[in-house]
Amino acid sequence: MKATTRKFELTPPQILVIGFAAIILIGATLLSLPIASATGRPLPFLDALFTATSATCVTGLVVVDTGTFFTKFGQIVIIALIQVGGLGFMTMATLFAFALKKRISLKERLILQEAMNQGSMEGIVRLIRKVIQYSLTIELVAAILFSIRWSFDLGPAKGIYFGIWHAISFFNNAGFDLFGSVSGPFSSLTSYVDDPLVNVVSMGLIILGGIGFVVMSDVMDYKRHKRLSLHSKVVLSATGALILVGALVIFIFEFTNPKTLGPLTWSGKVLGSFFQSVTPRTAGANTLDLAGLRQASQFFIIILMFIGASPGSTGGGIKTTTFTTLIGAIIAMIRGKEDIVLFHYRLGKDRILKAITLTMIALFLVIAVAMILSTTEDHPFLMILFEVTSAFGTVGLTMGLTTDLSVVGKILIALMMFVGRLGPLTLAYALGPKAEKELYRYPEGKITIG
């Protein structure tokens, strides 16, 4: 009997997959209720499932405008899904355990280790405490700043509601917004393209949510330890480089574009360039009309979305560390070096193989789904590729395809959001057979490469 029970015991990756799926189903059921709709007519279940998946996987792709279609009840359900999905349902469960002074079991620690993408369980509960503390503090500060700013435009009550709602949404890199009720459906932050406070606070939230909680903890402890881990150094340098390069590229390509940066002042051009460079970190909010961008800018944003945020964060994509490892491998190969060295540390072969595996699986998924959608959706291929990459990276940016998706398109994009949030490798570990240690190794062979 014990052997049978052990055989069917769920692994941490399987628990994560089932947990996220259960939260999505609960959210979809609530969003399909008449009370969630401003018209009183229930949202079709597939659309409710798509919205719940987008919220739980902190993406931001929507088939209906959040600000105009949903009631306060529906909006609160969505923001609750974003908070649970962004921090992870195990983190939220741990928060309740702390409140009830309940001990965290070994099994729960293993699941937290998998959820936070950590190499060991050491200090995992302490990390979760910091995650909760930092997240709530950052969201509170941003909510106050947003509330003050938007109270001038929307009145105190609505300003405070918008402030709290968007602080949670942007920190969790969700990209959902309520400004459809202010500036028109699907308008996002386009009316605040040259507003310094809204831009700076939003970008700060997106970056902090995207660098990962381990890095955030490392930076906060810097005064005490006077050093940063290799992981933090790689994440911070890669994030900074991608933002700067992205802003420069968008600024150059869009400087004279009358549909985007062209009519703006110099400060507006700079803010617009930086915001559109930061938001592919998997945030999903935008201050420029993405459909109006030149194709070069759109394709460059696809690349940024594919890279995504950093491990252990609220974002998706292949992650900045994976991208840095691949760049390091290219440089090492060109220089004829055997090892990949970052900040005077050599990377292990297992890290390199994992980076290559993750990137190839992600490329295969994006290409395969884009090819299928190119036959089911009557839209330009670049628009389809943009949508698919946005879903995989849990970004939420769109060129306008989401609302026109067919039934097949909605299902595939929802699946891509689910895979992107959990990570292709976590899903593979959950669905695949348990790995067994090899008892022997084959002799080494040689093939010609290149």
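This is a predicted model: local features need pLDDT of at least 70, side-chain atom pairs count only at pLDDT 80 or more; totals for chains, interfaces and linings use all residues.
H14 and H15 form a right-handed crossing, while H17 and H18 cross in a left-handed way.

**H3 and H20**

- Helix H3 covers residues 45-56 and helix H20 residues 407-422; they pack at an angle of about 20°, and their axes are 9 Å apart.
- Because angles under 35 degrees count as roughly parallel, H3 is roughly parallel to H20.
- On the H3 side, the contact is made by Leu46, Asp47, Phe50, Thr53, Ser54 and Thr56.
- H20 brings Val407, Lys410, Ile411, Ile413, Ala414, Met417, Phe418 and Arg421 to this contact.
- Sorted by class, the contact of H3 with H20 holds eight nonpolar, three polar and three charged residues.

**H14 and H15**

- The axes of helix H14 (residues 230-254) and helix H15 (residues 266-278) come within 8 Å, crossing at roughly 130°.
- That angle makes H14 oblique to H15.
- From H14, the residues in contact are Leu242, Ile243, Leu244, Gly246, Ala247, Ile250 and Phe251.
- Their partners in H15 are Trp266, Lys269, Val270, Ser273, Phe274, Gln276, Ser277 and Val278.
- In the contact of H14 with H15 there are ten nonpolar, four polar and one charged residues.

**H17 and H18**

- Helix H17 spans residues 320-335 and helix H18 residues 349-376; their axes come within 9 Å and cross at roughly 110°.
- Since angles from 65 to 115 degrees count as roughly perpendicular, H17 is roughly perpendicular to H18.
- Thr322, Thr325 and Leu326 are the H17 residues that meet H18.
- They meet Arg351, Ile352, Ala355, Ile356, Leu358 and Thr359 of H18.
- The contact of H17 with H18 divides into five nonpolar, three polar and one charged residues.

**The second largest pocket**

- A total of 27 residues line the second largest pocket.
- Among these lining residues, Phe186, Ser187, Ser188, Asn286 and Thr398 lie nearest the centre of the pocket.
- The lining of the second largest pocket is made up of eleven nonpolar, 13 polar and three charged residues.

How values were computed
Residues are numbered from 1 along each chain as its sequence is written. Side-chain values use heavy atoms; hydrogens and water are left out. Axes are lines fitted to C-alpha atoms, for helices over the stretch in contact, and angles run from 0 to 180 degrees between N-to-C directions. Helices (H or I, at least four residues) and strands (E, at least two) are DSSP runs, numbered from the N terminus. Angles under 35 degrees count as roughly parallel, over 145 as roughly antiparallel, 65 to 115 as roughly perpendicular and the rest as oblique. A crossing is left-handed if the near helix is turned anticlockwise from the far one by less than a right angle, and right-handed if clockwise. Contact means heavy atoms within 4.5 Å. Ala, Val, Leu, Ile, Met, Phe, Trp, Tyr, Cys and Pro count as nonpolar, Asp, Glu, Lys and Arg as charged, and the others, Gly among them, as polar. On a 1 Å grid over the protein atoms alone, a cavity is a set of points where a 1.4 Å probe fits but cannot get out, and a pocket is an open set with protein on both sides within 12 Å along at least five of seven lines; lining residues have an atom within 4 Å of a point.
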